[in-house]
Amino acid sequence: MPYGYLISTVLAAGATAIALAPPRRPRGLVNFGFRISTVPNEVPFLVFFLVLASTLLAAAQRDLGSPGALAVLGLAVLTAAGLVVVVRRQLAAGPALERAMTEGFGPEWRTPGLRRRLPFGRILLGVHVRRRDVERIADLPYGDDRRHRLDVYRNRSAPEGGPTLIYFHGGGYFSGHKNREARPLLYRLASQGWVCVSADYRLRPDAGLLDHLADAKKVIAWAREHGRAYGAGGGTPVMAGSSAGAHLAALCALTQNDPAYQSGFESADTSVAAAVCLYGYFGAYYGHGEGTGSSPLDHVRADAPPFLVVHGDADTLVPVREARHFADALRDASEGPVVYAELPGAQHAFDLFHSLRFDLVVDAVEAFATRLVCRPAGRRGRLQSPPA
(Lines give C-alpha, C1' and ligand atoms only; values in the text may rest on other atoms or scores of the structure.)
Protein backbone atom coordinates (compact mmCIF):
# COMPACT_ATOMS: atom_id res chain seq x y z
CA MET A 1 0.00 0.00 0.00
CA PRO A 2 1.51 3.39 -1.02
CA TYR A 3 0.86 5.23 2.24
CA GLY A 4 1.98 8.63 0.96
CA TYR A 5 -0.52 8.35 -1.88
CA LEU A 6 -3.20 7.19 0.57
CA ILE A 7 -2.70 10.12 2.96
CA SER A 8 -2.58 12.81 0.28
CA THR A 9 -5.65 11.44 -1.49
CA VAL A 10 -7.69 11.07 1.70
CA LEU A 11 -6.87 14.65 2.71
CA ALA A 12 -7.84 16.01 -0.71
CA ALA A 13 -11.01 13.92 -0.79
CA GLY A 14 -12.07 14.96 2.70
CA ALA A 15 -11.50 18.65 2.05
CA THR A 16 -13.35 18.47 -1.26
CA ALA A 17 -16.30 16.66 0.33
CA ILE A 18 -16.55 19.36 3.01
CA ALA A 19 -16.40 22.05 0.30
CA LEU A 20 -19.35 20.40 -1.43
CA ALA A 21 -21.39 19.88 1.75
CA PRO A 22 -20.04 22.05 4.60
CA PRO A 23 -21.14 21.27 8.17
CA ARG A 24 -23.48 23.84 9.71
CA ARG A 25 -23.26 22.78 13.39
CA PRO A 26 -21.78 22.65 15.94
CA ARG A 27 -19.74 25.83 15.84
CA GLY A 28 -16.37 24.15 16.31
CA LEU A 29 -17.01 21.79 13.40
CA VAL A 30 -18.24 24.70 11.28
CA ASN A 31 -14.98 26.61 11.82
CA PHE A 32 -12.90 23.51 11.12
CA GLY A 33 -14.87 22.74 7.97
CA PHE A 34 -14.50 26.28 6.71
CA ARG A 35 -10.73 26.28 7.18
CA ILE A 36 -10.05 22.87 5.65
CA SER A 37 -12.33 23.39 2.64
CA THR A 38 -11.21 26.89 1.63
CA VAL A 39 -8.51 25.71 -0.76
CA PRO A 40 -10.55 23.15 -2.77
CA ASN A 41 -13.57 25.45 -2.81
CA GLU A 42 -11.65 28.42 -4.21
CA VAL A 43 -8.67 26.91 -6.07
CA PRO A 44 -9.92 23.49 -7.24
CA PHE A 45 -7.46 23.40 -10.13
CA LEU A 46 -4.55 23.44 -7.70
CA VAL A 47 -6.01 20.53 -5.72
CA PHE A 48 -6.63 18.62 -8.96
CA PHE A 49 -3.02 19.11 -10.05
CA LEU A 50 -1.80 17.81 -6.67
CA VAL A 51 -4.05 14.73 -6.85
CA LEU A 52 -2.98 14.10 -10.44
CA ALA A 53 0.70 14.48 -9.58
CA SER A 54 0.48 12.07 -6.64
CA THR A 55 -1.41 9.55 -8.81
CA LEU A 56 1.16 9.74 -11.60
CA LEU A 57 3.97 9.35 -9.07
CA ALA A 58 2.33 6.26 -7.58
CA ALA A 59 1.86 4.82 -11.08
CA ALA A 60 5.47 5.54 -12.02
CA GLN A 61 6.60 3.68 -8.92
CA ARG A 62 4.28 0.78 -9.80
CA ASP A 63 2.38 1.14 -6.54
CA LEU A 64 -1.13 0.81 -7.97
CA GLY A 65 -1.29 -2.96 -8.35
CA SER A 66 -2.75 -3.94 -4.99
CA PRO A 67 -6.51 -3.88 -4.22
CA GLY A 68 -5.92 -1.21 -1.57
CA ALA A 69 -4.05 1.00 -4.01
CA LEU A 70 -6.80 0.60 -6.58
CA ALA A 71 -9.32 1.67 -3.96
CA VAL A 72 -7.27 4.82 -3.33
CA LEU A 73 -7.16 5.41 -7.09
CA GLY A 74 -10.96 5.20 -7.14
CA LEU A 75 -11.09 7.76 -4.33
CA ALA A 76 -8.83 10.03 -6.38
CA VAL A 77 -11.21 9.76 -9.34
CA LEU A 78 -14.16 10.64 -7.09
CA THR A 79 -12.21 13.61 -5.75
CA ALA A 80 -11.59 14.83 -9.30
CA ALA A 81 -15.30 14.51 -10.03
CA GLY A 82 -16.08 16.55 -6.91
CA LEU A 83 -13.65 19.24 -8.04
CA VAL A 84 -15.48 19.42 -11.37
CA VAL A 85 -18.66 20.19 -9.42
CA VAL A 86 -16.78 22.95 -7.56
CA VAL A 87 -15.64 24.47 -10.86
CA ARG A 88 -19.21 24.38 -12.21
CA ARG A 89 -20.37 26.24 -9.10
CA GLN A 90 -17.66 28.83 -9.61
CA LEU A 91 -18.74 29.33 -13.22
CA ALA A 92 -22.31 29.85 -11.99
CA ALA A 93 -21.13 33.04 -10.30
CA GLY A 94 -21.07 34.69 -13.73
CA PRO A 95 -24.80 34.36 -14.47
CA ALA A 96 -25.64 35.23 -10.84
CA LEU A 97 -23.68 38.47 -11.02
CA GLU A 98 -25.07 39.20 -14.50
CA ARG A 99 -28.64 38.90 -13.20
CA ALA A 100 -27.90 41.07 -10.17
CA MET A 101 -26.32 43.85 -12.22
CA THR A 102 -29.11 43.73 -14.79
CA GLU A 103 -31.73 44.02 -12.03
CA GLY A 104 -29.85 46.95 -10.53
CA PHE A 105 -28.97 48.93 -13.66
CA GLY A 106 -30.83 47.41 -16.58
CA PRO A 107 -29.47 45.39 -19.53
CA GLU A 108 -26.97 48.08 -20.55
CA TRP A 109 -24.96 47.93 -17.33
CA ARG A 110 -21.64 46.97 -18.90
CA THR A 111 -19.13 49.81 -19.07
CA PRO A 112 -16.89 50.20 -22.15
CA GLY A 113 -13.26 49.43 -21.45
CA LEU A 114 -13.80 46.56 -19.01
CA ARG A 115 -11.72 43.45 -19.64
CA ARG A 116 -13.11 40.83 -21.98
CA ARG A 117 -11.00 37.86 -20.91
CA LEU A 118 -10.22 36.49 -17.45
CA PRO A 119 -6.58 35.89 -16.39
CA PHE A 120 -6.78 32.10 -16.72
CA GLY A 121 -3.06 31.61 -16.09
CA ARG A 122 -3.37 33.14 -12.64
CA ILE A 123 -6.62 31.31 -11.99
CA LEU A 124 -5.05 27.93 -12.79
CA LEU A 125 -2.18 28.67 -10.43
CA GLY A 126 -4.69 29.61 -7.79
CA VAL A 127 -2.42 32.14 -6.13
CA HIS A 128 -2.20 35.87 -6.32
CA VAL A 129 0.39 37.20 -8.74
CA ARG A 130 1.36 40.84 -8.39
CA ARG A 131 0.90 43.00 -11.44
CA ARG A 132 4.03 44.63 -12.80
CA ASP A 133 2.09 47.74 -13.81
CA VAL A 134 0.91 48.37 -10.22
CA GLU A 135 2.92 49.91 -7.39
CA ARG A 136 2.07 49.22 -3.73
CA ILE A 137 3.18 51.94 -1.32
CA ALA A 138 3.03 50.26 2.08
CA ASP A 139 2.52 51.29 5.69
CA LEU A 140 1.67 54.97 5.33
CA PRO A 141 0.48 56.41 8.68
CA TYR A 142 -2.96 57.98 8.99
CA GLY A 143 -2.96 58.33 12.80
CA ASP A 144 -0.95 57.81 15.96
CA ASP A 145 -1.74 54.17 16.80
CA ARG A 146 0.48 51.35 15.52
CA ARG A 147 -2.57 49.97 13.66
CA HIS A 148 -3.11 53.30 11.91
CA ARG A 149 -1.37 52.20 8.73
CA LEU A 150 -2.56 51.94 5.15
CA ASP A 151 -1.29 50.78 1.76
CA VAL A 152 -1.82 52.67 -1.49
CA TYR A 153 -2.07 50.80 -4.79
CA ARG A 154 -1.61 52.84 -7.96
CA ASN A 155 -0.58 52.40 -11.56
CA ARG A 156 3.18 52.76 -12.07
CA SER A 157 2.56 55.22 -14.87
CA ALA A 158 1.24 57.56 -12.15
CA PRO A 159 -1.83 58.91 -13.96
CA GLU A 160 -3.56 61.84 -12.29
CA GLY A 161 -7.19 62.36 -11.43
CA GLY A 162 -8.05 58.71 -10.75
CA PRO A 163 -11.06 57.59 -8.71
CA THR A 164 -10.50 56.19 -5.21
CA LEU A 165 -11.53 52.92 -3.59
CA ILE A 166 -10.99 52.35 0.15
CA TYR A 167 -10.95 48.77 1.41
CA PHE A 168 -11.20 47.28 4.94
CA HIS A 169 -10.17 43.71 5.78
CA GLY A 170 -12.19 41.15 7.70
CA GLY A 171 -11.34 39.15 10.82
CA GLY A 172 -14.27 39.63 13.18
CA TYR A 173 -12.79 42.89 14.50
CA PHE A 174 -10.16 40.93 16.44
CA SER A 175 -7.74 39.87 13.67
CA GLY A 176 -6.83 40.56 10.07
CA HIS A 177 -4.42 42.61 8.01
CA LYS A 178 -4.64 45.09 5.15
CA ASN A 179 -2.54 42.92 2.82
CA ARG A 180 -4.50 39.67 3.02
CA GLU A 181 -7.88 39.71 1.28
CA ALA A 182 -9.23 41.14 -1.99
CA ARG A 183 -5.77 41.69 -3.49
CA PRO A 184 -6.88 40.70 -7.02
CA LEU A 185 -9.51 43.46 -6.77
CA LEU A 186 -7.05 46.10 -5.55
CA TYR A 187 -4.45 45.26 -8.18
CA ARG A 188 -7.03 45.09 -10.97
CA LEU A 189 -8.54 48.49 -10.22
CA ALA A 190 -5.12 50.08 -9.69
CA SER A 191 -4.01 48.79 -13.09
CA GLN A 192 -7.00 50.63 -14.59
CA GLY A 193 -6.09 53.98 -13.06
CA TRP A 194 -7.82 53.76 -9.69
CA VAL A 195 -6.04 54.72 -6.50
CA CYS A 196 -6.84 51.97 -4.01
CA VAL A 197 -6.33 52.33 -0.26
CA SER A 198 -6.30 49.26 2.00
CA ALA A 199 -6.16 50.10 5.70
CA ASP A 200 -5.66 48.46 9.06
CA TYR A 201 -7.73 49.63 12.02
CA ARG A 202 -7.65 49.06 15.77
CA LEU A 203 -8.90 45.68 16.92
CA ARG A 204 -10.59 44.03 19.88
CA PRO A 205 -10.13 43.81 22.83
CA ASP A 206 -8.19 47.09 22.87
CA ALA A 207 -10.77 48.88 20.73
CA GLY A 208 -14.54 48.98 20.41
CA LEU A 209 -17.04 49.82 17.71
CA LEU A 210 -16.64 53.60 17.95
CA ASP A 211 -12.88 53.19 17.67
CA HIS A 212 -13.16 51.00 14.55
CA LEU A 213 -15.58 53.43 12.95
CA ALA A 214 -13.51 56.50 13.84
CA ASP A 215 -10.45 54.83 12.31
CA ALA A 216 -12.34 54.06 9.11
CA LYS A 217 -13.55 57.64 8.82
CA LYS A 218 -10.00 58.89 9.42
CA VAL A 219 -8.94 56.82 6.43
CA ILE A 220 -11.61 58.52 4.31
CA ALA A 221 -10.41 61.93 5.52
CA TRP A 222 -6.78 60.92 4.80
CA ALA A 223 -7.67 59.83 1.27
CA ARG A 224 -9.39 63.13 0.59
CA GLU A 225 -6.51 65.17 2.01
CA HIS A 226 -3.54 63.21 0.69
CA GLY A 227 -4.93 61.21 -2.23
CA ARG A 228 -3.89 63.72 -4.89
CA ALA A 229 -0.25 63.12 -4.00
CA TYR A 230 -0.72 59.51 -5.17
CA GLY A 231 -2.76 60.23 -8.29
CA ALA A 232 -6.31 60.43 -6.92
CA GLY A 233 -8.66 62.99 -8.34
CA GLY A 234 -10.15 64.11 -5.05
CA GLY A 235 -13.64 62.84 -5.84
CA THR A 236 -15.89 60.98 -3.44
CA PRO A 237 -14.42 57.52 -2.73
CA VAL A 238 -16.04 54.12 -3.01
CA MET A 239 -15.99 52.04 0.20
CA ALA A 240 -15.43 48.29 0.20
CA GLY A 241 -14.82 45.57 2.74
CA SER A 242 -14.96 41.87 3.52
CA SER A 243 -16.81 40.29 6.46
CA ALA A 244 -16.25 42.63 9.44
CA GLY A 245 -14.71 45.05 6.94
CA ALA A 246 -18.01 45.02 5.03
CA HIS A 247 -19.81 45.79 8.31
CA LEU A 248 -17.45 48.73 8.74
CA ALA A 249 -17.78 49.91 5.14
CA ALA A 250 -21.59 49.77 5.38
CA LEU A 251 -21.57 51.79 8.61
CA CYS A 252 -19.32 54.40 6.98
CA ALA A 253 -21.63 54.63 3.98
CA LEU A 254 -24.74 54.98 6.14
CA THR A 255 -23.31 57.46 8.69
CA GLN A 256 -21.27 59.68 6.37
CA ASN A 257 -20.43 63.11 7.79
CA ASP A 258 -22.16 62.30 11.10
CA PRO A 259 -20.12 64.19 13.75
CA ALA A 260 -21.15 61.66 16.42
CA TYR A 261 -18.83 59.10 14.79
CA GLN A 262 -15.84 61.31 14.00
CA SER A 263 -14.89 62.90 17.29
CA GLY A 264 -12.01 65.31 16.93
CA PHE A 265 -12.40 65.72 13.18
CA GLU A 266 -16.09 66.58 12.96
CA SER A 267 -15.65 68.95 10.04
CA ALA A 268 -13.88 66.40 7.82
CA ASP A 269 -15.76 65.26 4.74
CA THR A 270 -16.39 61.51 5.16
CA SER A 271 -18.99 61.11 2.42
CA VAL A 272 -18.75 58.11 0.11
CA ALA A 273 -20.02 57.48 -3.40
CA ALA A 274 -20.98 53.82 -2.99
CA ALA A 275 -20.32 50.74 -0.86
CA VAL A 276 -19.24 47.22 -1.81
CA CYS A 277 -19.84 44.52 0.80
CA LEU A 278 -18.28 41.08 0.29
CA TYR A 279 -19.61 38.26 2.52
CA GLY A 280 -20.49 40.92 5.08
CA TYR A 281 -21.79 40.70 8.62
CA PHE A 282 -24.65 43.14 9.13
CA GLY A 283 -25.81 42.39 12.67
CA ALA A 284 -25.15 44.04 16.01
CA TYR A 285 -21.65 44.50 17.39
CA TYR A 286 -20.34 42.42 20.31
CA GLY A 287 -22.33 43.09 23.46
CA HIS A 288 -24.75 45.44 21.72
CA GLY A 289 -28.39 44.58 21.24
CA GLU A 290 -30.48 45.07 18.14
CA GLY A 291 -31.51 48.65 17.53
CA THR A 292 -28.59 50.16 19.46
CA GLY A 293 -26.97 51.69 16.39
CA SER A 294 -24.18 49.12 16.09
CA SER A 295 -25.66 47.39 13.05
CA PRO A 296 -25.86 48.82 9.52
CA LEU A 297 -29.52 47.81 9.65
CA ASP A 298 -30.04 50.52 12.26
CA HIS A 299 -28.94 53.20 9.79
CA VAL A 300 -30.67 52.35 6.52
CA ARG A 301 -32.05 55.54 5.02
CA ALA A 302 -33.62 56.97 1.91
CA ASP A 303 -30.47 58.85 0.87
CA ALA A 304 -28.15 55.87 1.28
CA PRO A 305 -25.47 55.65 -1.42
CA PRO A 306 -25.57 52.79 -3.94
CA PHE A 307 -24.68 49.36 -2.53
CA LEU A 308 -23.28 46.20 -4.07
CA VAL A 309 -23.73 43.22 -1.71
CA VAL A 310 -22.16 39.89 -2.71
CA HIS A 311 -22.55 36.78 -0.55
CA GLY A 312 -22.04 33.05 -0.89
CA ASP A 313 -25.06 30.79 -0.51
CA ALA A 314 -22.85 28.19 1.25
CA ASP A 315 -21.40 30.63 3.81
CA THR A 316 -21.39 28.84 7.18
CA LEU A 317 -19.79 31.67 9.22
CA VAL A 318 -22.26 34.39 8.21
CA PRO A 319 -25.40 32.72 6.82
CA VAL A 320 -26.68 34.10 3.55
CA ARG A 321 -30.07 34.95 5.05
CA GLU A 322 -28.41 37.86 6.90
CA ALA A 323 -27.18 39.39 3.65
CA ARG A 324 -30.61 38.91 2.07
CA HIS A 325 -32.24 40.67 5.02
CA PHE A 326 -29.85 43.61 4.78
CA ALA A 327 -30.32 43.96 1.01
CA ASP A 328 -34.11 43.81 1.39
CA ALA A 329 -34.06 46.46 4.13
CA LEU A 330 -31.90 48.71 1.97
CA ARG A 331 -34.18 48.30 -1.03
CA ASP A 332 -37.22 49.17 1.08
CA ALA A 333 -35.62 52.35 2.44
CA SER A 334 -33.13 53.62 -0.14
CA GLU A 335 -33.87 55.60 -3.26
CA GLY A 336 -30.53 54.55 -4.74
CA PRO A 337 -29.59 51.29 -6.49
CA VAL A 338 -29.03 48.19 -4.36
CA VAL A 339 -27.36 45.33 -6.25
CA TYR A 340 -27.46 41.97 -4.47
CA ALA A 341 -25.81 38.80 -5.78
CA GLU A 342 -25.65 35.31 -4.27
CA LEU A 343 -22.76 33.13 -5.41
CA PRO A 344 -23.61 29.41 -5.76
CA GLY A 345 -21.38 27.26 -3.57
CA ALA A 346 -19.33 30.16 -2.23
CA GLN A 347 -18.11 30.04 1.36
CA HIS A 348 -16.83 32.83 3.57
CA ALA A 349 -13.54 34.50 2.51
CA PHE A 350 -13.99 33.84 -1.22
CA ASP A 351 -11.62 36.75 -1.96
CA LEU A 352 -8.50 35.15 -0.48
CA PHE A 353 -7.36 33.61 -3.77
CA HIS A 354 -7.12 34.47 -7.44
CA SER A 355 -10.03 32.13 -8.13
CA LEU A 356 -12.36 31.89 -11.10
CA ARG A 357 -15.22 32.91 -8.80
CA PHE A 358 -13.54 35.96 -7.36
CA ASP A 359 -12.28 37.18 -10.71
CA LEU A 360 -15.90 37.22 -11.88
CA VAL A 361 -16.74 39.21 -8.74
CA VAL A 362 -13.88 41.61 -9.49
CA ASP A 363 -15.38 42.28 -12.93
CA ALA A 364 -18.76 43.03 -11.36
CA VAL A 365 -17.24 45.35 -8.74
CA GLU A 366 -15.28 47.20 -11.41
CA ALA A 367 -18.41 47.62 -13.56
CA PHE A 368 -20.46 48.76 -10.53
CA ALA A 369 -17.91 51.30 -9.32
CA THR A 370 -16.96 52.56 -12.78
CA ARG A 371 -20.58 53.12 -13.74
CA LEU A 372 -21.24 55.17 -10.61
CA VAL A 373 -18.19 57.32 -10.08
CA CYS A 374 -15.91 57.34 -13.14
CA ARG A 375 -15.60 58.91 -16.53
CA PRO A 376 -13.14 58.00 -19.30
CA ALA A 377 -10.04 60.18 -19.58
CA GLY A 378 -6.62 60.20 -21.16
CA ARG A 379 -4.87 57.50 -23.08
CA ARG A 380 -5.16 53.73 -22.73
CA GLY A 381 -8.68 54.00 -21.36
CA ARG A 382 -7.60 55.36 -17.96
CA LEU A 383 -10.35 56.53 -15.69
CA GLN A 384 -10.82 59.78 -13.86
CA SER A 385 -12.97 60.64 -10.90
CA PRO A 386 -15.57 63.35 -11.35
CA PRO A 387 -15.05 66.51 -9.30
CA ALA A 388 -15.99 66.30 -5.61
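Strand 3 and strand 4 (residues 195-199) run parallel to each other and pair over 5 bridges, where pairing requires at least two bridges found by DSSP. Helices (H or I, at least four residues) and strands (E, at least two) are DSSP runs numbered from the N terminus. The model is predicted, so local features need pLDDT of at least 70 and side-chain atom pairs count only at pLDDT 80 or more, while totals for chains, interfaces and linings use all residues. Residues are numbered from 1 along each chain as its sequence is written, and side-chain values use heavy atoms, with hydrogens and water left out.

Within this pairing, Ile166 stands opposite Val197 of strand 4. Strand 3 (residues 164-168) is largely enclosed by the rest of the structure, because 5 of its 5 residues are buried; buried means under 20% relative accessible area, exposed over 50%, and partly exposed in between, with a 1.4 Å probe and protein chains only. Both faces are covered, with Thr164, Ile166 and Phe168 buried on one side and Leu165 and Tyr167 on the other.

Leu186 touches Tyr153, Leu165, Tyr167, Cys196 and Ser198, leaving aside residues up to four places away in sequence; contact means heavy atoms within 4.5 Å. Leu186 counts as buried because its relative accessibility is 0%.

Helix 4 (residues 67-91) has 25 residues, and its first and last C-alpha atoms are 37 Å apart, close to the expected 36 Å. That expectation is 1.5 Å times one less than the number of residues. The buried residues of helix 4 include Ala69, Val72, Leu83 and Gln90. Their cover includes helix 1 (3-20), helix 2 (27-42), helix 3 (44-60), helix 5 (93-105) and helix 11 (356-373).

On a 1 Å grid over the protein atoms alone, a cavity is a set of points where a 1.4 Å probe fits but cannot get out, whereas a pocket is an open set with protein on both sides within 12 Å along at least five of seven lines; lining residues have an atom within 4 Å of a point. The largest pocket holds about 750 Å³ of space, a volume being the space filled by probe spheres set on grid points that are joined across faces, edges and corners. Its lining comprises 27 residues, with Gly171, Gly172, Ser243, Leu317 and His348 nearest the centre. Helix 2 contributes most to this lining, with 5 residues.

The second largest pocket has a volume of about 300 Å³. Among its 15 lining residues, Trp109, Arg110, Leu360, Asp363 and Ala364 are the closest to its centre. Helix 11 gives the most to this lining, with 4 residues.

Ser243, one of the residues nearest the centre of the largest pocket, has a positive phi of about 60° although it is not a glycine. Ser243 lies in the loop between strand 5 (238-242) and helix 9 (244-254), and counts as buried because its relative accessibility is 10%. Tyr279 also has a positive phi, near 35°, and is placed in the loop between strand 6 (274-278) and strand 7 (307-312). The peptide bond from Arg25 to Pro26 is cis, with omega near -5°, and Pro26 lies in the loop between helix 1 and helix 2. The bond from Arg204 to Pro205 is cis as well, with omega near 0°.
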